[in-house]
Amino acid sequence: MIFSPQRYKIADQIGQPFIDEDEIVDYLKITPTEQDVDKVIARSMDKHRLTMQETAILLNAPNRQVVKDAAAKLKKTIYGNRIVLFAPLYVGNMCSNSCAYCAFRRENSQTVRKTLSTQEIDQQVDALTGQGHKRLILVYGEHPIYSADFIANNVRQVYKNTNIRRLNINAAPMSVDDFRTVHQAKIGTFQIFQESYFRSTYATHHPQGRKADYVWRLTALDRAMQAGIDDVGLGALLGLQQSWKNEIMGLVRHTNHLEACFGVGPHTISFPRITHATGIAPENQYPVLDEDFLFLIAVLRLAVPYTGLILTAREGAQVRGQAIEYGVSQIDGGTHIEIGGYSPSNDKTQEGGAQFTINDSRSLAQVIAWLVATDHLPSFCTACYRQGRTGEHFMEFSTKGFIKRFCTPNAILTFAEYLEDYASQGDRANGYALIDKELAAMTDTEDILQKLEKIKKGERDIYY
C-alpha cells in the first residue's frame with residue numbers, strides 16, 4: 001500500500017509533535033464555492049483521503065446537504081449496509097488524572113471506585129457473550145495499577161476463558177516496551193483519544209496528572225505503532241472548545257501523520273460529544289448541536305473513506321440512526337458503562353461509578369431489531385483481524401473499496417450465528433429475510449449459501 005501524505009508546516013517525524021494550530025485556523029478561513037465543494041467530493045468518491053485544505057472546504061461548504069448526500073453515497077459504496085457491533089467493558093475506574101469533564105477524575109469523591117477481579121471479568125464477559133457479543137473493548141481508567149502486564153493478563157484471560165473473538169483496548173498512553181507487552185497478548189485495536197488537538201484547550205481541561213502532558217499523549221500512537229500495534233484508533237472529545245471544526249481538522253492532520261510515518265492510517269476514528277458526568281460541573285464546555293454533529297460525521301466519512309467511524313451509546317437512538325446513514329460504521333449495543341454493570345444482579349451497590357451518561361440504553365437484541373428494520377446488516381465479524389488483515393494489509397483492501405467484498409459475506413455469516421443462537425423466533429425470521437435481501441443483491445452466492453447451511457446445522461466461526 002502506497003500512501004501520498006501531504007507535507008505541512010511541521011514535518012511528520014516519529015515521536016514528534018505535528019499540530020500547528022495557526023495552520024489549522026488559516027485553512028478554516030477558506031470560503032469555498034459550490035464548484036470547490038464538488039471537486040473535493042469527486043476526489044473523495046474516487047476513494048482518496050482528503051487533505052486538510054479539502055476537509056476545510058467541506059467544513060465550510062455553502063450547502064451542507066450536498067456534503068451529507070455524498071457521504072451517504074460513499075458509505076453505501078464502501079461499507080454496504082453493514083454495521084459492526086461491539087460492547088465496552090469497563091474494567092476499572094481508578095484514575096490519577098484531573099480531567100475537568102470526567103467522573104473518573106481523582107478528586108471526584110462521588111465516584112465509587114472499583115476494579116474488577118479476574119473472576120468478575122469472566123462473569124461480565126459471560127453476560128456479554130450470553131447476549132451474543134463477539135467483540136469487546138476493554139476500558140481502563142488512567143492509573144498505575146492498570147499496567148501493561150495487568151492489561152495483557154486481562155486479555156489472555158478473556159480469550160482463554162470465553163468465546164470472545166476480538167478484544168480492543170482503550171487505556172492510557174504507554175512506552176514502546178509496554179505497548180509491545182500488550183501487543184503480544186494479541187489485542188485488536190488500541191484506542192487513545194487526544195480529546196483536544198489545541199494545546200490551550202487541552203491544558204484547560206487537563207490541569208494535573210500524567211494526562212496533562214499534551215505531547216506524551218499526542219505521540220502515544222506513534223509508540224504503539226513502533227511496538228507493532230498496526231490497528232490504532234483516534235478520537236477527539238467534542239465540546240471542549242468552541243470550534244468543533246478545529247478538532248475535525250486535528251483528526252485529519254493526525255491521520256496524515258500516521259500515514260507519513262508508518263504508511264498506515266487509523267483503523268477507527270471516534271468523535272464523542274460531552275455528556276453529563278456525576279460530580280462534575282460543566283465549565284468551559286461548548287455543546288455541539290445535532291445538526292452540526294451529523295454534518296461533521298459526513299465530512300469525516302468523506303475525508304477518510306477507508307476508516308471505520310465509531311458512534312457509541314453516548315448518543316440517543318434518533319441521532320445514531322441518522323449518523324449511520326451519513327458515515328458511522330460501528331456502534332455498541334446493550335451498553336453498560338458502570339464497573340460491573342453487566343452483572344445480572346440487581347444490587348447496584350456492587351458497581352463502580354460510570355464515567356459519563358449514556359443516552360441509548362437499549363439491549364443488544366433491541367438494537368439489532370432496529371438495525372434490521374432499517375435494512376442495516378448487523379455484523380460481529382472478526383475475520384480480518386484473525387486472518388492478519390490488519391494495518392497495511394487492511395488498508396490495501398479498504399482504501400480501494402474492496403472491503404465490502406469480504407465484510408458483507410462475513411457479516412451475513414456472523415449475523416446468522418446470532419440468529420441461530422440468541423434471537424427470538426420473530427427476530428430470527430426478520431433477520432433471515434434481511435439476509436435473503438442481501439444475497440439477492442450479490443453474485444456468486446453458492447459458497448455463502450453452503451456456509452449458511454453449515455451454521456444452521458450447528459457449525460460456528462465460519463468466515464472468509
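**Reading a predicted model**

Modeller: Let's start with Lys-186, which lies in the loop between helix 7 (176–183) and strand 4 (190–191). Helices (H or I, at least four residues) and strands (E, at least two) are DSSP runs, numbered from the N terminus. The model is predicted, so local features need pLDDT of at least 70 and side-chain atom pairs count only at pLDDT 80 or more, while totals for chains, interfaces and linings use all residues. Residues are numbered from 1 along each chain as its sequence is written, and side-chain values use heavy atoms, with hydrogens and water left out.

Colleague: What is the phi of Lys-186, and is Lys-186 buried or exposed?

Modeller: Here is the general idea: most residues other than glycine have a negative phi. Lys-186 has a positive phi, near 70°. Lys-186 is exposed, at 57% relative accessibility; buried means under 20% relative accessible area, exposed over 50%, partly exposed in between (1.4 Å probe, protein chains only). Asn-284 also has a positive phi, near 55°. Asn-284 is in the loop between strand 6 (268–270) and helix 12, and is partly exposed at 45%.

Colleague: Which residues of helix 2 are buried, and which are exposed?

Modeller: An α-helix has 3.6 residues a turn, so residues three or four places apart point the same way. In helix 2, Val-37, Val-40, Ile-41 and Ser-44 are buried. Those four cover an arc of only 100° around the axis, so they are on the same side of helix 2; the arc is that of the directions from the helix axis to the C-beta atoms. Gln-35 and Lys-39, on the other side of helix 2, are exposed.

Colleague: What do the buried residues of helix 2 pack against?

Modeller: Their partners are helix 3 (52–59), helix 4 (64–79) and helix 12 (290–303). After helix 2 comes Lys-47, with a positive phi near 70°.

Colleague: What is Asn-154 in contact with?

Modeller: Contact means heavy atoms within 4.5 Å. Asn-154 lies in helix 6 (residues 148–161) and is buried, at 4% relative accessibility. Setting aside neighbours within four places in sequence, Asn-154 is in contact with Val-91, Ile-121, Leu-138 and Tyr-140.

Colleague: How many aromatic pairs are there?

Modeller: Rings of Phe, Tyr and Trp (its six-membered ring) pair if their centres lie within 6.5 Å; planes under 30 degrees apart count as stacked, over 60 as edge-to-face and the rest as tilted. That rule gives 11 aromatic pairs. One of them joins Tyr-202 and Tyr-214, edge-to-face, at 5.3 Å centre to centre and 80° between the planes. Tyr-202 is in helix 8 (residues 199–205) and Tyr-214 in helix 9 (residues 214–218), so this pair ties together parts 12 residues apart in sequence. Tyr-202 is buried at 1%, and Tyr-214 is buried at 7%. There is also an aromatic cluster formed by Phe-380, Phe-415, Tyr-418 and Tyr-422.

Colleague: Which ring does the charged end of Arg-210 sit over?

Modeller: A charge sits over a ring if NZ of Lys or CZ of Arg is within 6 Å of the ring centre and within 35 degrees of the ring normal. For Arg-210 the ring is that of Trp-216, with the charged end 4.0 Å from its centre. The charged end of Lys-456 sits over the ring of Tyr-432, 4.7 Å from its centre.

Colleague: How many helices and strands does the protein chain have?

Modeller: The protein chain has 19 helices and 9 strands. Of its 464 residues, 59% are buried.
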